Amino acid sequence: LSHLNDWLASTNHSVIEKLNVLIIDDEADHASVNTMTGKSEQEGNSGERSESKINGEIRRLLQKFSRFSYVGYTATPFANVFINPEDDGLGLGPTLYPRDFIVSLPRPKEYFGLSSAFSERIDDEEKTPIRIVPYPDAQYLWQVTDDENAPQTKELPDSLIDALMDYLLTTAARRVRGEKTKHHSMLVHTKYTKKSMHPLSDRIGKHLKNWKINFPKSRTEKGRQLNKQFQDRWIDEFVSRGTEESWSHIEDELYSVFIDDDALEIKELNEDSDDVLDYDMNDEQGLRAIVIGGNRLSRGLTLDGLTVSYFIRESTETKHDTLLQMGRWFGYRGDNTDLVRIYLTSRLNCQFSSMILVEESLRDDLEMYEEQDEITPRDFGVRVLKAFDLVPTSSTKRKDVTTISIDGNMDKTYNYTRHIPFDQPKLL
């Protein structure tokens, strides 16, 4: 952005003033919002201090044009509607508050979103893709680390073993469905720290290697036991919930999965790893990978063919926007929604469930505002519900926000939840 601004500054002004410019800002709530990270001695007349670098560069860019449209896109607009429209900070011109319009894009019917996974409207409890990870399992995995002084764990907990089995079984199922060359992914996200990823990757690799060696050996006791274990998992977890493929078809393809070395790839995504998640390079044969990562999995990265997610990262202050952005399983699953499995702690399940009300309320309000031609976002602020133990966005992006509690129940609505974390007495 700095180079772009310098380049435009060196361009003849008569050229610039003839341009009609469209600027599109993707993930506009992330780095584009001013978080006031500058030094206080640079304070100007407005409420802003020296701007966040990207925010300042964008606003300098907009000042160069006389005719332009700036459009921000994001799935989580909480920070954008919280921008103070009045600050003009330090000669940078207007803030990036959406003054002219806010449009809620319609949800396609085939989109797998919040309500697809967490809604109480799912008519059959057995059809929910959510699987609760017991807290002993989560705590066990949170201890996996490269730190020599930390308690070391050698095995994988049952819930992660179940998730790995689900991944391999759904790989086989998609092959039965004629999708042998389609991308197929699994996400594993336990903590954001890099030092926890490699030892976890190593343990998963050893477990898969053991299955790869023993599953094809149908004449050995280990081979027969493993085959029976996968068969029981397929019938109990998938067939009982309406998946149509028989075990005999799944078994045949599962043999192929274990024989195919590329079907058991493990990718560590962090700045210290050499692993690359390149779906384009594997477009013809399909990439099948178990992806282990931290912050790089939290925003913007698409995991093609993501079917099984094992997500247990919790934080002390969880934010609406962060939580939704980390849900990499939201997207388009085609005819394979019956194969999707999402492993979460009960606390995360409660948080995601409570986000349905937040999202629906915001969408309803925006759609109502869109119908009022005579008003724009300049005329009023957009309200955002605060749910459960969540906050809408980071404190630096809600510095001008007022939180109110409405005892009079203005909307005459009654909100409740059935997702109560009984395994956490302190939280209750």
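User: Does R341 count as buried or exposed, and at what relative accessibility?

Analyst: Buried means under 20% relative accessible area, exposed over 50%, and partly exposed in between (1.4 Å probe, protein chains only). At 3% relative accessibility, R341 counts as buried. Please note that this is a predicted model, in which local features need pLDDT of at least 70 and side-chain atom pairs count only at pLDDT 80 or more, while totals for chains, interfaces and linings use all residues. Residues are numbered from 1 along each chain as its sequence is written, and side-chain values use heavy atoms, with hydrogens and water left out.

User: With which side chain does the side chain of R341 make a polar contact?

Analyst: The partner is the side chain of E237, at 2.5 Å. A polar contact is a pair of N or O atoms within 3.5 Å; within protein, one must be able to donate a hydrogen and the other to accept it, and residues adjacent in sequence count only if both atoms are side-chain atoms. The R341 side chain also reaches the backbone oxygen of D338, at 3.2 Å.

User: Which residue forms a salt bridge with E237 at 3.7 Å?

Analyst: Side chains of opposite charge can pair when their charged atoms come close. A salt bridge is a side-chain nitrogen of Lys or Arg within 4 Å of a carboxyl oxygen of Asp or Glu. Here the residue is R241, which is partly exposed at 26% relative accessibility. Salt bridges that share partners join R131, D162, D166, R233, E237, R241 and R341 into one network.

User: How many salt bridges does the structure hold?

Analyst: The structure holds 21.
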